[in-house]
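Here are a few notes to read alongside the model. Keep the viewer open as you go.

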Amino acid sequence: MEKLNTKYGVIEGISSMDYYKNGNPRDCVVTEVNKLKTTYGTFIPQYENGSERRKHIKSFSFYDDGNLQSVYLEKQTKINTSIGTLPAELITFYKNGNIKRIFPLNGQITAYWSELDEYKLAEDISFDLSVGKFEKKIIAVNFYEDGVVKSITFWPNNPVEIISPIGKVMARIGLAFYNSGKLKSFEPLKPIKVETPIGTITSYDTNALGIHGDLNSINFFEDGNIKSLITSSDTIEITTKAGEKKIYKPGLKVSVINDEVMEVVPMKVSFNDNKVCFNNNSEDAYSIDECTFKVEYTPLQTKSPCASCAGNSDCNGDCC
């Protein structure tokens, strides 16, 4: 088996390795105990064969300059961070060597190992942040290069109460922060009414994926003013200075799962420089001072009226 000299020590027991075009190693799989010496301590990359929970895909990876990019740990290890000691099974790094993300667990979700199985292994972690103190099971913590928390991703069905610029709210999926520590964005647990420069808008993203907490439905400027939000239910009518009317609302598309069901296409509403903009389209931006706005809660019909009686011989189509 190959050996590899790195700035973290000599790597032995290499069973496979990929390389960059410049010849430097990229991804590595080992089958023996190795100890990587880093500024955060000594890490032992995964070396044992995969189990139903953890597949032995790779042990660690490097950037093209030889700096460590990620390490998949053999056992959960405690890591000292700016917010205290965190458990980790997977760690990713910036090029300068500082920690980028910490994943307390790194199990592979398969037919043999479910999300619920993985969730049961998760432990509550204590946080003391600008949004308050709480203990929650998390999927990952993302850090800025200087060590300040950038975002937190929660497990599904594991909401948290936080203090936001619009008051106490229940958040799901994740939270994102500015480098100052102030709240940048959050994903609301349920539809929530938000006061904006054009009126009260109900914010909620029916399509929020929950992959990570970096990007969320409700976004704030660093001073706490609303920057943007996602709505899946509201219609906004605009009357321009010239008397022209424009209407914006979420859209609908056919579900990829059931062609008798429509999926909501949420609408993004952004505020900047005394203007409101829809879906990040500069052609759909309006001066707040020069226009009037009417906001209505108008949830969209997503199920065909005939879907419930499909195949019923008594249906004459009048309900469609």
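1. First, a word on naming: helices (H or I, at least four residues) and strands (E, at least two) are DSSP runs, numbered from the N terminus. Residues are counted from 1 along each chain as its sequence is written, and side-chain values use heavy atoms, with hydrogens and water left out. This is a predicted model, where local features need pLDDT of at least 70, side-chain atom pairs count only at pLDDT 80 or more, and totals for chains, interfaces and linings use all residues.

2. Look up Ser217, in the loop between strand E18 (199–203) and strand E19 (218–220). Is Ser217 buried or exposed? Its relative accessible area is 2%, so it is buried (under 20%; exposed is over 50%, partly exposed in between, with a 1.4 Å probe and protein chains only).

3. What surrounds Ser217? Beyond its neighbours within four places in sequence, its contacts (heavy atoms within 4.5 Å) include Phe186, Ser203, Asp205 and Leu229. Pro188 is another contact; 29 residues separate Ser217 from Pro188 along the chain, yet their C-alpha atoms are 7.3 Å apart.

4. Glu187 is also on the contact list, and its side chain makes a polar contact of 2.4 Å with that of Ser217. (That term means a pair of N or O atoms within 3.5 Å; within protein, one must be able to donate a hydrogen and the other to accept it, and residues adjacent in sequence count only if both atoms are side-chain atoms.)

5. Elsewhere, strands E8 (84–93) and E9 (99–103) pair antiparallel through four bridges; pairing takes at least two bridges found by DSSP. Phe93 sits opposite Ile99 of E9. The two strands make a hairpin with five residues between them, and Gly97 in the turn has a positive phi of about 100 degrees.
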